[in-house]
Amino acid sequence: MNIKNNQRFYHTEKCLEQGFLSLCQTTPPEKITVSQLCKTVSVNRSTFYAHFLDIPDLIQNIGASHMKEMIPLLEATGNGQSFPFTKNYFLSLFSYIKENQSFYNIYFNHSNPRSVESSFTQCLESAIKPYLERFPQKSPEAMHYHFIFFKAGLISVLSQWVKNGCKEKPEELADIILQNLPKEAL
């Protein structure tokens, strides 16, 4: 039986995701239908709907999978004691996004902006929270506003970079971001 959390269910979900990304090579994501995707991967529509609500839900799920893969890479660059947003952190982030550029182009342009923001919040918070806990004298509200400001800027830069075809090297983009961080944080 093909139920959630078993290998066959997982395999079918991955096939649907890969089929969607494959179709995106020749068809704009907003033009891809569930029927077209099901035909491409040889599954019934009911199978698709057992996994996803619709195509935007599929995109969100792929994005969540990418974020799960990315977090350990980013966490490996910090130690919780020093400021986590280092050149190595950004190199890992930008290199991962560049390697998965075709997906991130879809993700930034065809996803709910709140979903994109939410996924990056989780990713960034996993890096910054251990560091911020060392500063109890700072107001949590003030730190929250700094985080929101930084996150919005970073997402905008990433979105524009992907939209422009990731022309700049990850090293160049890391330097640009680091130049915009408060000097006392570094």
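The protein chain has 9 helices and 0 strands; helices (H or I, at least four residues) and strands (E, at least two) are DSSP runs, numbered from the N terminus. This is a predicted model, in which local features need pLDDT of at least 70, side-chain atom pairs count only at pLDDT 80 or more, and totals for chains, interfaces and linings use all residues. Residues are numbered from 1 along each chain as its sequence is written, and side-chain values use heavy atoms, with hydrogens and water left out.

Student: How much of the protein chain do buried residues make up?
Tutor: Buried means under 20% relative accessible area, exposed over 50%, partly exposed in between (1.4 Å probe, protein chains only). The protein chain has 186 residues, and the buried share is 39%.

Student: Is E17 buried or exposed?
Tutor: E17 sits in helix α1 (residues 7–23). Contact means heavy atoms within 4.5 Å. Leaving aside neighbours within four places in sequence, E17 is in contact with F52, L58, N61, I62 and S65. Its relative accessible area is 6%, so E17 is buried.

Student: Which residues does T27 touch, not counting residues up to four places away in sequence?
Tutor: T27 lies in the loop between α1 and α2 (34–41). T27 has a relative accessible area of 17%, so T27 is buried. With residues up to four places away not counted, T27 touches I32 and Q36.

Student: How is α4 oriented to α6?
Tutor: Axes are lines fitted to C-alpha atoms, for helices over the stretch in contact, and angles run from 0 to 180 degrees between N-to-C directions. The axes of α4 (residues 55–75) and α6 (residues 101–110) come within 10 Å and cross at roughly 125 degrees. Angles under 35 degrees count as roughly parallel, over 145 as roughly antiparallel, 65 to 115 as roughly perpendicular and the rest as oblique. Therefore α4 to α6 is oblique.

Student: Which residues of α6 make the contact with α4?
Tutor: On the α4 side, the contact is made by I59, Q60, I62, G63, H66, M67 and M70. The α6 side supplies F103, Y104, I106, Y107 and H110.

Student: How far apart are the end C-alpha atoms of α8?
Tutor: Helix α8 (residues 140–163) has 24 residues. The expected span is 1.5 Å times one less than the number of residues, so α8 should span 34 Å. The end C-alpha atoms agree, at 34 Å.

Student: Which residue follows α8?
Tutor: The buried residues of α8 include W161 and V162. The residue that follows α8 has a positive phi, near 85 degrees: G165.
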